[in-house]
Amino acid sequence: MIVRYLLAALVAGLFSGVLMTAAQEARVVPLILHAEEFEGGDEAAPATEGTTPSTDGAAATHEHSSLGAVVLDVAAYLSPVSVAYAHDAEGHEDGGIMFGMSRFSGTLLANLVTGAGFALLLAGFSLVSGHPITVANGALWGAAGWLAVHMLPAIGLPPELPGFPAADLTQRQIWWVAAVVLSAAGLYLLFLKPGIVAKIAGVVLIAAPQVYGAPQPSDISSAVPAVLGAEFAVAALATTLFFWIVLGLSLGFANEKIAKAA
């Protein structure tokens with residue numbers, strides 16, 4: 001039975017990853033391509049060395065690395081970051097190539113991998129905690145995942161366009177991972193554990209990384225317009241919310257089908 005649940009989660013994750021790619025192509029990728037127009041020559045090179053550990057997908061996020069580096073970061077951190085955010089250091093117009101894949105193919109691959117990974121994590125947590133995911137509560141499970149992985153970490157490290165200044169990569173990754181773990185633990189205590197002590201502890205865990213503060217760049221000047229960055233942050237968070245809602249509902253639907261067939 002457990003194997004069937006995990007297989008259903010895998011299918012739900014792949015399905016969500018495909019839809020996530022379509023949403024990113026419609027809302028997020030055009031903003032990235034527009035931002036890349038403000039980068040020129042050697043000034044763009046430093047941006048290809050690092051990634052942003054807060055989201056966007058399959059977008060928590062590693063938007064500034066090359067195509068191959070983003071895929072490795074996605075595999076390492078299971079962040080739903082789109083490879084569409086990558087812009088190649090050598091100036092390929094299609095966003096870089098890895099194993100002969102275009103920007104779109106790399107984006108799809110990353111979203112499939114991260115979608116399946118998050119689906120398995122969500123299903124596994126549901127089984128261990130004893131709180132099943134159904135169609136009725138699937139959207140709530142998805143919203144909780146989005147809060148933990150994207151929205152709450154984005155308070156300190158919002159999704160950034162290519163060309164935006166950023167702090168040291170290692171420091172950002174450490175802070176982002178800590179924020180995700182503490183946020184997830186805090187949401188669990190806040191919503192799934194009874195008692196006022198658990199509620200207070202949950203709030204403290206959620207607030208802790210924000211009180212500590214995310215690493216910030218010393219120089220915030222950028223050639224990319226601030227309004228474009230704000231539009232991108234909204235689009236990135238909106239597409240990841242869509243991803244998590246679809247994932248939660250898909251998992252709930254699959255679980256109910258398995259329960260009826262048992």
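**View 1. Helices α1 and α2 pack against each other in this predicted model.** The axes of α1 and helix α2 (residues 29-36) lie 4 Å apart, at an angle of about 45°. Axes are lines fitted to C-alpha atoms, for helices over the stretch in contact, and angles run from 0 to 180 degrees between N-to-C directions. α1 and α2 are therefore oblique to each other. Under 35 degrees counts as roughly parallel, over 145 as roughly antiparallel, 65 to 115 as roughly perpendicular and the rest as oblique. From α1, Gln 24, Glu 25, Ala 26 and Arg 27 meet Val 29, Pro 30 and Leu 31 of α2. Contact means heavy atoms within 4.5 Å.

Local features need pLDDT of at least 70 and side-chain atom pairs pLDDT 80 or more, while totals for chains, interfaces and linings use all residues. Residues are numbered from 1 along each chain as its sequence is written, and side-chain values use heavy atoms, without hydrogens or water.

**View 2. The whole chain has eight helices and zero strands.** Helices (H or I, at least four residues) and strands (E, at least two) are DSSP runs, numbered from the N terminus. The elements run α-α-α-α-α-α-α-α from that end. Of the 262 residues, 49% are buried. Buried means under 20% relative accessible area, exposed over 50%, partly exposed in between (1.4 Å probe, protein chains only).

**View 3. The largest nonpolar core holds 23 residues.** Such a core is a set of buried Ala, Val, Leu, Ile, Met, Phe, Trp, Tyr and Cys residues joined through side-chain atoms within 4.5 Å. Leu 122, Val 149, Trp 244, Leu 247 and Leu 251 touch the most other members. Two or more residues come from each of α1 (2-27), α4 (103-129), α5, α6 (169-192) and α8 (226-261). α8 gives the largest share, five residues. Leu 122 touches Ile 133, Trp 141, Trp 244 and Leu 251, leaving aside residues up to four places away in sequence. A second, separate core has ten residues, including Val 28, Leu 31, Val 224 and Leu 228.

**View 4. Helix α5 (residues 138-156) carries a kink.** The kink is about 50° and is centred on Leu 147. The bend at a residue is the angle between axes fitted to the seven residues ending there and the seven starting there. α5 has 19 residues and reaches 27 Å from first C-alpha to last, close to the 27 Å expected. The expected span is 1.5 Å times one less than the number of residues. Among the buried residues of α5 are Trp 141, Trp 146, Val 149 and His 150. His 150 has a relative accessible area of 0%.

**View 5. Helix α7 (residues 196-212) bends at Ile 206.** The kink there is about 30°, shortly before the proline Pro 209. The 17 residues of α7 should span 24 Å, and the end C-alpha atoms are 24 Å apart, which agrees. Ala 198, Gly 202, Ile 206 and Pro 209 are buried. Their cover includes α5 and α6. Gly 213 follows α7, with a positive phi near 95°.

**View 6. Leu 169 sits in helix α6.** Leu 169 is partly exposed, at a relative accessible area of 24%. Leu 169 and Pro 215 are 46 residues apart in sequence and 9.3 Å apart in space, C-alpha to C-alpha.
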